[in-house]
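Welcome! Let us walk through this structure together, one question at a time.

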Amino acid sequence: MGNSYTDLHESRILLYYCFTPIADPTAVMLWQRALCEKLELTGRILISEHGINGTVGGTLANCKAYTKATRQYPGFKKMEFKWSHGGAEDFPRLSVKVRDEIVAFGAPGELKVDENGVIGGGIHLKPQQVNDLVAERGDEVVFFDGRNAMEAEIGKFKNAVVPDVNTTHDFIRELESGKYDWMKDKPVVSYCTGGIRCEILSSLMKNRGFEEVYQIDGGIVRYGEQFGDDGLWEGSLYVFDKRMHMEFSDHSKQLGHCHNCGAATNLFHNCINEACRKQTLLCDECAHNPATAHCGNPECIEIAAASCH
Ligand SMILES: [Zn+2]
Ligand SMILES: [Zn+2]
């Protein structure tokens with residue numbers, strides 16, 4: 001008998017996170033691993049004493065069974081799962097691990113959570129509330145990008161401050177550098193792709209004297225779903241799968257430029273230097289010419305030049 005609406009053999013990806021105290025992360029890890037194996041899900045799950053962060057793919061029926069079973073754990077009862085297209089084929093294997101942090105800020109001892117989530121984080125704003133805040137407070141509002149700087153090269157909130165970070169590990173050094181002290185008494189809206197990084201970042205900011213910190217519920221993804229390219233967001237969204245970037249409408253602004261020739265592009269390519277592989281914005285032409293398919297680092301320029309002979 002066929003299913004009337006959706007084929008349960010179709011594939012899906014689940015994205016989710018939850019901050020909640022986990023007394024025995026190893027036990028949760030073993031349970032999650034067995035559950036995923038039974039349901040033939042692949043993907044990546046991190047568990048720490050502060051919560052869980054996962055992306056898994058499989059059949060629609062098995063994904064449904066997974067959400068149901070996972071919500072049985074008392075701390076995960078209210079967990080929201082974001083469904084997206086794709087499936088087990090998007091992930092080569094299953095990896096379920098215990099880590100000190102579910103997002104590596106290098107501050108496992110500083111983060112505090114209880115059953116309601118992160119303690120002392122920024123105030124959550126729904127997409128409409130972000131617009132309301134800006135309508136009310138105007139230029140006083142500062143958008144603070146909670147992602148890696150390269151992600152903001154192709155899209156960001158209008159006039160956002162983009163800290164100089166290569167990985168989330170760099171945030172504490174940046175926040176303590178004094179560069180951002182001017183915004184400590186201003187309304188600061190932190191944002192990231194789906195919201196998880198700002199859960200932590202906003203608490204680190206508050207701990208360092210930023211007085212009025214907000215974070216966007218569901219991150220750029222949820223804001224973009226609601227306002228597309230007709231709100232305060234500009235450009236493309238960097239995504240961590242093979243698509244590399246996505247747009248919210250057919251009229252998104254193109255912010256990215258080729259590091260080599262300056263042509264408009266939204267596509268990242270790995271630097272040709274095997275020892276570097278840094279993701280670099282390059283136009284098609286520069287990316288396909290070995291002499292120019294480098295990240296701009298002097299060493300990489302040399303290797304690129306040598307590869308042409
Ligand atoms: Zn180019
Ligand atoms: Zn390089």
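Q: How are the donor residues of the zinc ion (ligand 2) spaced in sequence?
A: This is a predicted model, in which local features need pLDDT of at least 70, side-chain atom pairs count only at pLDDT 80 or more, and totals for chains, interfaces and linings use all residues. Residues are numbered from 1 along each chain as its sequence is written, chains are lettered from A and ligands numbered from 1 in the order in which they are written, and side-chain values use heavy atoms, with hydrogens and water left out. Donors are N, O and S atoms within 2.8 Å of the metal (3.2 Å for Na, K and Ca), and sites may look incomplete because water is not among the atoms. For the zinc ion (ligand 2), the spacing is C-x4-C-x18-C-x4-C.

Q: Which parts of the chain hold Cys276 and Cys300?
A: This pair links distant parts of the chain, 24 residues apart. Helices (H or I, at least four residues) and strands (E, at least two) are DSSP runs, numbered from the N terminus. Cys276 lies in the loop between β16 (268-270) and β17 (279-281), and Cys300 in helix α8 (residues 298-306).

Q: Is Cys300 buried or exposed?
A: Buried means under 20% relative accessible area, exposed over 50%, and partly exposed in between (1.4 Å probe, protein chains only). Cys276 has a relative accessible area of 28%, so Cys276 is partly exposed. Because Cys300 has 2% relative accessibility, Cys300 counts as buried.

Q: Which protein donors hold the zinc ion (ligand 2)?
A: The donors lie 2.3 to 2.4 Å from the ion. They are Cys271 (SG), Cys276 (SG), Cys295 (SG) and Cys300 (SG).

Q: What is the site of the zinc ion (ligand 1) like, judged by the angles among its 4 donor atoms?
A: Its protein donors are Cys258 (SG), Cys261 (SG), Cys283 (SG) and Cys286 (SG), lying 2.3 Å from the ion. Four donors count as tetrahedral if all angles lie between 85 and 135 degrees. Here the angles are 104 to 114 degrees for ligand 2, while for ligand 1 they are 100 to 116 degrees, making its site tetrahedral.

Q: Where does Glu174 sit, and is it buried or exposed?
A: Glu174 has its place in helix α4 (residues 171-175). Its relative accessible area is 3%, so Glu174 is buried.

Q: Which residues does Glu174 touch, not counting residues up to four places away in sequence?
A: Contact means heavy atoms within 4.5 Å. By that rule, Glu174 touches Pro163, Asp164, Val165, Lys179 and Tyr180.

Technical notes. Tetrahedral: all angles 85-135°; square planar, octahedral: opposite > 155°, others 65-115°.
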